[in-house]
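Look at the structure first.

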Amino acid sequence: MARSANVTRRGFITSVMAFAGSVMGVVVGLPVIGYLISPALNAKKSDAWIPAGKLDTYPLGVPTSFSFTRTQVNGWEKTVNSFSVYVLRDASNQVKVFSSICTHLGCRVSFHKSSEEYICPCHDAHFNINGGVVSGPPPRPLNQYESKVDNGNLMIHVIEA
Amino acid sequence: MISKRMFPWLDERLGISGIYKTIFDRMVPKVNWWFTLGSATLFLFALQVVTGIMLSVYYVPSPDKAYDSIQYIMNGVAFGWLIRGIHHWGATLMVITVFLHMLRVFFYAAYKYPREITWTTGVLLLLATLGMGFTGYLLPWDQKAYWATTVGTSIAGAVPGIGDFILRALRGGNDLSGVTLARFFSAHIWMFPLIIIALIGVHLYLVIRIGISSIPKENE
């Protein structure tokens with residue numbers, strides 16, 4: 001009976017059930033895999049040019065603070081990161097944009113006009129007006145952002161991992 | 001094929017074909033399609049377990065994130081709408097199949113000796129299924145969920161004497177709050193499922209042990 005060329009009633013039903021079961025398994029199973037790995041597929045490296053206003057408004061030779069925020073969305077969670085930079089314009093309109101994050105342990109530095117230095121309040125690090133280390137524990141100069149001038153507007157390039 | 005030699009080896013040690021014969025090759029009387037409703041319910045329950053586990057990957061049972069996490073499942077995750085849709089409609093369908101299954105057993109008088117315990121566990125399974133529906137309904141944490149649970153728990157609070165206590169026990173306080181959401185979530189994914197799995201175990205054991213009843217005939 002099992003080897004007969006004719007399909008038995010039981011054999012037919014078994015095949016149909018196996019086929020229907022496999023189809024349902026695939027229809028449910030594949031989306032489930034996609035559902036689970038979905039966040040891994042959106043590998044996004046966001047980078048943006050942040051408008052920082054007219055370049056003319058930044059005084060010559062004096063580092064001027066500029067702050068902005070960036071919003072990151074992870075699933076149902078929104079995180080707002082605040083950034084603070086120092087913009088330094090020289091007479092030939094060359095612009096340097098320094099991160100105010102101390103390269104030692106990440107405190108915020110502030111520019112002191114009296115000494116013409118960026119000073120970190122945490123461990124008394126001193127950076128000169130061009131970001132170089134004068135004294136204190138920092139291992140390297142202040143980080144700089146790439147910048148460009150577009151129609152007289154200063155643009156700061158921010159890359160987020 | 002290697003499985004031709006592997007299977008007898010495994011079967012000798014695990015007794016797979018014995019289990020198969022007991023469950024699938026058992027004697028059944030000539031019955032009709034109404035007798036498939038139990039299997040349909042079991043299938044839907046398995047589907048609810050799978051899709052429910054999947055939903056718990058992204059769902060957060062907290063008042064400030066529950067709604068947002070579901071929006072993320074619906075719009076941000078691949079096939080999230082499908083998984084949630086199956087869970088939503090599967091729940092509705094399961095209540096229907098459970099009820100029809102009960103009506104079939106009732107009208108064919110299959111609850112009588114020696115199947116009283118099968119019937120009793122079945123009734124408990126019906127109540128647990130309704131409990132799953134009631135607790136699951138709050139989890140989306142939208143207006144409908146919030147007010148439906150407000151009304152539902154108030155109805156439970158109308159019991160004479162101990163009503164207030166029942167209401168506070170259900171809500172985890174006087175008001176519907178994040179505490180309510182957390183305990184409904186816990187009931188929905190832990191307590192009721194474990195109760196249901198245990199009862200299904202007893203229910204199926206009895207169905208297999210006693211066998212199913214035949215359709216009553218005129219002069220019986």
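A residue is buried under 20% relative accessible area, exposed over 50%, and partly exposed in between (1.4 Å probe, protein chains only). By that rule A:Cys122 is partly exposed, at 39%. This is a predicted model: local features need pLDDT of at least 70, side-chain atom pairs count only at pLDDT 80 or more, and totals for chains, interfaces and linings use all residues. Residues are numbered from 1 along each chain as its sequence is written, chains are lettered from A and ligands numbered from 1 in the order written, and side-chain values use heavy atoms, without hydrogens and water.

**Cysteines**

A disulfide is a pair of cysteine sulfur atoms within 2.5 Å. The whole structure holds one. That bond joins A:Cys107 to A:Cys122, S to S 2.0 Å. Its S-S torsion is about -95 degrees, so the disulfide is left-handed. A:Cys102 is in no disulfide. The sulfur of A:Cys120 is 3.9 Å from that of A:Cys102, too far for a bond.

| Residue | Relative accessible area | Class |
|---|---|---|
| A:Cys102 | 4% | buried |
| A:Cys120 | 3% | buried |
| A:Cys122 | 39% | partly exposed |

**Interface**

In chain B, 20 residues contact twelve of chain A (heavy atoms within 4.5 Å). The area buried between the chains is about 1,500 Å², with 74% from carbon and sulfur atoms. Buried area is the accessible area (1.4 Å probe) that two parts lose on being put together, summed over both. B:Met54, B:Tyr58 and B:Tyr72 lose the most on the chain B side, together 33% of what that side buries.
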